[in-house]
Amino acid sequence: MGCCFGKDEDEYSGEQEPDERSPLLGNQIGNAINRPVTSDDFESQPSITKGDEQSALNRILHQTENNVIDVSALDSHTMEQHEYMDRARHYSTRLAIVGGNLRTMRKPVLPIGTTVPQAVLAGEPISIADIQLINSAAATAANALSNVKVQHKEELVVHFVIP
Amino acid sequence: MTSPVTQSLERIPDQLGYLVIHEDGAVIASSGELENDEKTAGIIMNMVHMASRVQLSPDRNDPFKRLSVVFDTYMFVITISNHKVYVCKRKYLPSEPINA
Amino acid sequence: MEESLDKQLDDTMNVHGVVGVLAADHQGLCLASKGNAQVSGAGLMSSLAEAGKQLSSDEQKCPVVCLESDTCNILIKSHDNVTMAIYKVAS
């Protein structure tokens, strides 16, 4: 989901050079989602109890590992001064190339609209019932939302104590 | 400047003023409370551009016909025709009785 | 909590002619949507509501912004920090 004008989809989720659009935690979360554990995983295998148990345990371990985001091991990509300069130069050259097009793109085309503007403008105003409907809906929504609070349930970062 | 269209805008019931704006943003005609009101024209052009991007129904080819901005006692009604934006400021006098 | 917002949106959906509802915050983040309302439209809805305010000399006054087409009307209004949009079949 994009921001305010929300027409842009997240199309930059692939593996790329880290830039301003690359997700910071993308890969880890991706892994976790790709490996759901279903009951089939356990039932379909023949009963070699010892190895089976071991592999189940391994799977649980692996699953937990995937679900945990190790904040300390994250590769925080800090930018050096020269990297900033390189990027600024790169962006300005790209802008210079597409700059001409941007100017024409900024002027959106209006729809053709109506052939009888005066008739449309002179038409019946919005009914008072509709105005009251939206007024009360907006007021109750604002009221309902004022009661919404984030419940802080558990710590986001957990320290593992290695014995 | 008078033309058949601006004359008929004058005759809209309870109108307080009108604006005719070219799609490039230039005010072509204005009168009443909106006379030479470039600021209102700018805000309305901005709203018209946003409104033309709103998808009104799942069927994509359903452009908006009229944009209204309704305050307690007055309203702006806006429509597009032939690369021009027509704005009329009218008293808000709904026909139905208020039964709140 | 958000159940009360959810219930209120359901109530609005049950009003005759309503085919979609959407609630967004004043920055255009979609908080909830039902029916025909497009989540991606949330930003436009709150921008339209904000722009509508500028048409009054008193910017505290929130107007109702209404978009009409041949088949559908959208009623938009902001209240405090919330923008509501109701999609209604044209009457």
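## The E1–E2 hairpin of chain B

In the hairpin of E1(B) and E2(B), four residues lie between the strands, and Gly25(B) takes a positive phi near 105 degrees. Strand E1 (residues 15-22) and strand E2 (residues 27-32) of chain B pair in the antiparallel sense over five bridges. Two strands pair if DSSP finds at least two bridges between them. Helices (H or I, at least four residues) and strands (E, at least two) are DSSP runs, numbered from the N terminus. Ile21(B) stands opposite Val27(B) in E2(B).

Ser31(B) lies in strand E2 of chain B. Ser31(B) is buried, with a relative accessible area of 11%. Buried means under 20% relative accessible area, exposed over 50%, partly exposed in between (1.4 Å probe, protein chains only). Leaving out residues up to four places away in sequence, Ser31(B) touches Glu10(B), Gly17(B) and Tyr18(B). Contact means heavy atoms within 4.5 Å.

## Basis of the model

This is a predicted model: local features need pLDDT of at least 70, side-chain atom pairs count only at pLDDT 80 or more, and totals for chains, interfaces and linings use all residues. Residues are numbered from 1 along each chain as its sequence is written, chains are lettered from A and ligands numbered from 1 in the order in which they are written, and side-chain values use heavy atoms, with hydrogens and water left out.

## Chain C

Chain C has two helices and five strands. Along the sequence the pattern is α-β-β-α-β-β-β. Of its 91 residues, 57% count as buried. Among contacts in chain C with a separation of 6 or more, 34% come from residues 24 or more positions apart.

## The interface of chains C and B

Here 24 residues of chain C are in contact with 26 residues of chain B. The area buried between them is about 2200 Å², of which carbon and sulfur atoms give 66%. Buried area is the accessible area (1.4 Å probe) that two parts lose on being put together, summed over both. In chain C, Leu44(C), Leu55(C) and Glu68(C) lose the most area to chain B, together 30% of what that side buries.

Strand E3 (residues 66-70) of chain B joins E3(C) through five bridges, and the two run antiparallel. Val70(B) stands opposite Val64(C) in E3(C).

A salt bridge is a side-chain nitrogen of Lys or Arg within 4 Å of a carboxyl oxygen of Asp or Glu. Arg66(B) pairs with Glu68(C), the closest N and O atoms being 2.8 Å apart. Asp70(C) forms a salt bridge with Lys65(B) at 3.3 Å between the closest N and O atoms. Asp70(C) lies in the loop between E3 and E4 of chain C and Lys65(B) in the loop between helix H2 (38-51) and E3 of chain B, so the pair joins two chains. Asp70(C) is exposed at 59% relative accessibility; Lys65(B) is partly exposed at 39%.

## Other salt bridges

Over all chains, the search finds nine salt bridges. One of them links Lys88(C) and Asp130(A), with the closest N and O atoms 3.0 Å apart. The pair crosses from strand E5 (residues 82-89) of chain C to helix H6 (residues 128-146) of chain A. Both Lys88(C) and Asp130(A) are buried.

Arg89(A) forms a salt bridge with Asp86(A), the closest N and O atoms being 3.7 Å apart. Both lie in helix H4 (residues 81-105) of chain A, three residues apart, about one turn of the helix. Arg89(A) is exposed, with a relative accessible area of 52%. Asp86(A) is partly exposed at 39%. In chain C, Asp6(C), Asp10(C) and Lys34(C) are linked in a network of salt bridges.
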